[in-house]
Amino acid sequence: MKKFWWILSATALCAVFCSCALQAQKPSEVSFEAMDTFMSLKIYGENSEDVAKAVQNKTEQLEAMMSAEDENSDIFKANHADAQPFELSEDTADIVQKSLDLCKEAEGSLDITIYPVVCEWGFISKSYKIPRQSKIDELLKSVDYKSVKLDGKKITLLPDMQLDLGAVAKGYAADKGIEICKEEGVSSALLNFGGTVAAVGTKPDASSWKIGIADPENRASYFGYLSCKDTVAATSGGYERCFTGEDGKTYIHIIDPQTGQPVDNDISSVTIVSPSGLKSDALSTALFVMGIDGAREYQKANGGFDFVILSKDNEVYVTSTISQSFTLAEGSKDLKINIVN
Ligand code: AMP
Ligand code: MG
């Protein structure tokens with residue numbers, strides 16, 4: 001019995017010592033640009049410098065494979081294979097397969113074959129224009145994720161079909177970052193992939209990480225915060241990329257695959273919280289397309305994730321499971337919080 005208490009006390013002491021040691025440690029902090037956004041990593045632990053480097057390397061490697069604009073990427077080559085089979089790398093095949101499953105789950109709001117329409121609006125070249133509806137209708141004929149054939153790593157697209165992983169790539173990179181942290185024994189890290197933020201474990205003092213949600217009115221600040229541990233919060237906002245047409249209307253980079261038009265509904269931004277980066281990222285785009293009522297219905301019917309939706313008329317919709325973890329920023333007290341589902 002005495003021996004048992006001795007072992008127990010020693011274990012407890014060791015746990016306290018390890019936690020204090022982690023708190024005393026300085027994190028490794030790395031910032032870099034990838035996937036058309038600014039990324040930052042904060043990682044605690046003895047080998048944090050090496051882990052940060054490994055996460056950055058993996059993210060850059062994923063970008064090189066998944067960019068639709070880089071001529072050497074898997075996606076570019078698949079998009080220009082003239083409807084012939086093309087062999088993808090393992091990671092690209094994996095993200096395409098998982099994304100196709102998510103497109104199916106999202107019931108027509110998410111379609112990773114949307115690239116030709118995104119290009120036509122000028123969101124890739126940044127030479128923005130409002131296309132003729134007849135042109136959009138023609139391009140929509142080859143927008144159909146259900147027609148993508150993926151056999152192991154071999155992909156075959158329809159003629160004129162082109163993939164766009166812009167809605168999911170950051171989430172996939174977040175999942176790979178989490179995987180590396182876990183493999184290396186990291187128990188405390190915050191990985192920010194530009195609006196898709198992975199909280200690995202907790203802060204060194206065992207409290208939750210605080211993740212800010214960008215204020216669409218002022219992207220340098222936040223309208224609210226989420227307390228998170230072991231979860232990924234991904235935000236889609238119309239403010240990220242948009243232009244004002246000659247007609248004075250604002251056109252955003254999130255496209256409704258049914259119409260080929262930039263989404264113009266009651267949503268200002270959608271944040272999805274789930275343990276999977278890919279799911280959070282995919283659904284942040286998909287629920288944006290659905291609008292507030294559609295998003296609420298979808299969450300109620302499917303579950304497995306939570307959301308914070310900011311409407312254009314200054315209402316915040318937060319699912320009940322995370323309502324205690326969400327707080328408004330000091331300067332956003334005029335926003336009205338609605339706890340839903
Ligand atoms: P996100 O910022 O994660 O919402 O992703 C938006 C990006 O995904 C856009 O810049 C497009 O490249 C692409 N995209 C836009 N609309 C859709 C859609 N409905 N389904 C799939 N990808 C989309
Ligand atoms: Mg997304």
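Predicted model: local features only at pLDDT ≥ 70, side-chain atom pairs only at ≥ 80, totals over all residues.
Asp 164 places a polar side-chain atom 2.6 Å from an oxygen atom of ligand 1. For Ser 236, an N or O atom of the side chain is 2.6 Å from an oxygen atom of the ligand. In total, 15 residues surround ligand 1. Asp 164 and Ser 236 are among the closest, together with His 253, Ile 255 and Thr 285. The shell divides by class into 6 nonpolar, 5 polar and 4 charged residues.

Ser 236 also has a place in a sheet. Its bridge partner is Val 270, in β15. The strands concerned are β10 (residues 231-237) and β15 (residues 267-274), which pair in the antiparallel sense over 6 bridges. Helix α8 (residues 277-302) packs on this sheet. It touches β7 (196-201), β10, β15, β16 (306-311), β17 (315-319) and β19. The direction of α8 makes about 125° with that of β15.

The sheet as a whole is open and has 9 strands. Their order is β1-β2-β6-β7-β10-β15-β16-β17-β19, and the pairing is mixed. Strands β1 (28-34) and β19 (336-340) stand at the edges. Each has a single partner strand, so one side of each is left without a neighbour in the sheet. From one strand to the next, the twist averages 10°.

Asn 265 lies in the loop between β14 (261-262) and β15. Its side chain reaches the backbone nitrogen of Ile 267 at 3.0 Å. Ile 267 falls within the residue range of β15, 267-274. With residues up to four places away in sequence left out, Asn 265 touches Phe 288, Val 289, Met 290, Gly 291 and Lys 312.

A further open sheet is formed by 3 strands, in the order β8-β9-β18. Here the pairing is antiparallel. The edges are β8 (209-215) and β18 (326-328). Each of these strands has a single partner, so one of its sides lacks a neighbour in the sheet. Neighbouring strands of this sheet are turned by 35° against each other on average, direction ignored. Strand β9 (residues 218-228) pairs with β18 in the antiparallel sense over 3 bridges. Within this pairing, Tyr 225 stands opposite Thr 327 in β18.

Note on methods:
Residues numbered from 1 in each chain as written. Chains lettered and ligands numbered in written order. Heavy atoms only, no water. Near = heavy atom within 4 Å. Polar contact = N/O pair within 3.5 Å; in protein donor to acceptor, adjacent residues only side chain to side chain. Nonpolar A, V, L, I, M, F, W, Y, C, P; charged D, E, K, R; others polar. Pairing = 2+ DSSP bridges. Helix = DSSP H or I, 4+ residues; strand = E, 2+ residues; numbered from the N terminus. Axes fitted to C-alpha atoms, helices over the stretch in contact; angles between N-to-C directions. Contact = heavy atoms within 4.5 Å.
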